[in-house]
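Have the model open while you read.

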Amino acid sequence: MQFVFPAFLAALAVLAIPVIIHLFYFRRFKRVYFTNVRFLKEVKEETSNRQKLRNLLVLLMRCLAIAAMVLAFAQPFIPLSTGVKKGEKAISIYVDNSFSMGALSKNAPLLELARQRARDIVGAFGVEDRFQVLTNDFEGRDQRLVSKEDALDRIEEIRIGPASRNLSKVLIRQQQCLNTGKQENKIAFVVSDFQQNIADVAAFKDSLIEVNLVPMRAVQEQNISIDSAWFENPVQILNQTANLLVKVSNRSDEVAEEVRLSLRHDGQTKPVGSMQVPSRGSRIDTVRFNILRTGWHEAKLSVTDYPVQFDDDYFLSFYVAERINVLSIDGTQPNKYLNNAFLGAGYFKLDNADARALDYSRFGNYQLIVLNELQNISSGLANELEQFAQNGGNVLVFPGQAADLNSYNAFLQNFDAGNLGAFEPSPRQTSQINTDEFVFNDVFLNRSANLRLPATQGNYKIAASRGEYILTYRDGSAMLVKYPKGEGALYFCAAPLSEQVNDMVRNAEIFVPMLFKMAIAGTKGRQVAYTIGKDEVLEARHQISASGETIYKLRWIADRAKSAGTGDASPSAPVQGTEEFIPEQRILGSKVLLTPGTQVRDAGWYRLLLQGDSTLAEYAFNFDRKESDLAYTTDEVLSDGLPKNMKVLTESAEANFGQVVDEQERGIVLWRWCVVFALLFLALEVLFLRLWKV
């Protein structure tokens, strides 16, 4: 047995006081006069013996009571470890407030139980100690040591949040704060559910800090989540059916039956259907809906699940342009077949430009640029086309019959393409079409049907070492090849577009869909959703307002359903209850790059505004699905391989977790028993004095 304050044992000298009282008070005799003492002799002897016994017992009870009180102040304990830390302590308490802590324990959500654990930990230490209360938010105010009262107030403020941290990073954060204090004793507590994807505590290396792991356990480990969604085609077209692919995951060990999926779009919610998701697996389903208007669209996918609900909704936004713009740069004169192909499609608009009078600043307005039989490509045009492809545009090249090979090869080098060989005036027949590539994918209902493929009367030899063949001659050489570049691509045809050389222009079933799909693919595939907590960079076209203001704002719209009663389904209509903030912004030429950072905390849609309520762009944010997997690290796995300065405190003592902490720090504490015995001895003294008559 050891003592926290052994100096208090000197107070045992007080035991002399009741002994002195006993000697000088109880030994005094009172003279009693009787007429005849002969009859009282026997009674007097018996009473004297009983009185001596009572007085000795009273003395014993007083001595034991005083000794017990002195021991209580000395705080005896039976140590469970080799040594006990004395003096002031710096204690850091991390409370996991991620979404997974919303799961249910036996009686309450895990977060509520974790907060109670944190209160018990604070209560187990003295008022002279200093505390840090840390959450996943990593707020600046939490990087300092505070008093016991302030720590308890901070615990009351903890709420569920979207942030999720690896526990090794949490321990480093605790280490940094504990090292700011002057206290020699540094103790860290980690109160978490210890999901497998974050429980990397063994990666933390610091033997000077005592680390206590406090696991929280949910009743059941199951969850259904919508992990992601994306469109089958990068561009959505007006009055066409959009195919939205949705990935739904089942995080439990049982098959999920009848998982009902619904879609909210343009102010209307419709059920998509039900699906079966295998245990510990996922399923990809296709949601089809019609695009009936241009502009920005908001959509939300939902499933019904309990109790973890943060991942039951998936927000997305997309833009439907009024038309697709195509530019044809002509070497001599416009090609009538090229003009006629786009003339009958109202959704596409073709502009023709002379190669000798180009406005490079307008390239950004187009999705596809066609080089129509240019004899040479200047270095300036080559650089602009490379930048155009980097930003998501597509370039289609039909070389002239007497093209300057040096300029073309210099142009191809910008796209990391092979060299162009000399023109060979010999007839060739195309024999193979790549229907797996986006240009011809889903164009033909029957891929095995005998299609009439183009034939040429002459062509250039393409060394397409890294390109993807789209049309191939019978000898295996390339007629049409694709070179990816940045977010766009270069499509290079081996033959000129002239009908005397290339009969592709008269082959409508190949030529027309090829142009349309290249133009659609040329529209940069914009992200339909972003993830909260990640370093996302948003991109938009830079505009200057009439007042000259260039400060962009993001406005949060929680849910269109909240404003459904207004009867206004327009995405530009203001929504009540919105919040605005100014993100970090950088202007690069015709683009503005926005970095919202930690300012985005709620899932939903965020509209980009410059002046008034006019929407320049719209972005959808969803919570990170990292917290969706409720697979926890067991106590046995957690304890295995831990360094000596780390230990696991299980939840066995639910009634008084503070006592568990106290025993871990000091051993088996005995001062409470000392107080109990002191009160018991005092009570016995009172009983002896009042009830023992002599």
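Glu-139, Arg-141, Asp-142, Arg-154 and Glu-157 are joined up in a salt-bridge network, where a salt bridge means a side-chain nitrogen of Lys or Arg within 4 Å of a carboxyl oxygen of Asp or Glu. This is a predicted model, so local features need pLDDT of at least 70 and side-chain atom pairs count only at pLDDT 80 or more, while totals for chains, interfaces and linings use all residues. Residues are numbered from 1 along each chain as its sequence is written, and side-chain values use heavy atoms, with hydrogens and water left out.

By that rule there are 29 salt bridges, including these:

| Pair | Closest N to O |
|---|---|
| Arg-607 and Glu-298 | 3.1 Å |
| Asp-475 and Arg-428 | 3.3 Å |

Arg-607 sits in strand β31 (residues 604–609) and Glu-298 in strand β12 (residues 295–303), so their bridge ties together parts 309 residues apart in sequence. Strands here are DSSP E runs of at least two residues, and helices are H or I runs of at least four, numbered from the N terminus. Both Arg-607 and Glu-298 are buried; buried means under 20% relative accessible area, exposed over 50%, and partly exposed in between (1.4 Å probe, protein chains only).

On to helix α12: its buried residues are Cys-674, Ala-678, Phe-681, Glu-685 and Phe-688. Seen down the axis, they fall within an arc of 90 degrees, so they line one face of α12; the arc is that of the directions from the helix axis to the C-beta atoms. Trp-673, Leu-679, Arg-690 and Leu-691 are exposed on the face turned away from that buried side.
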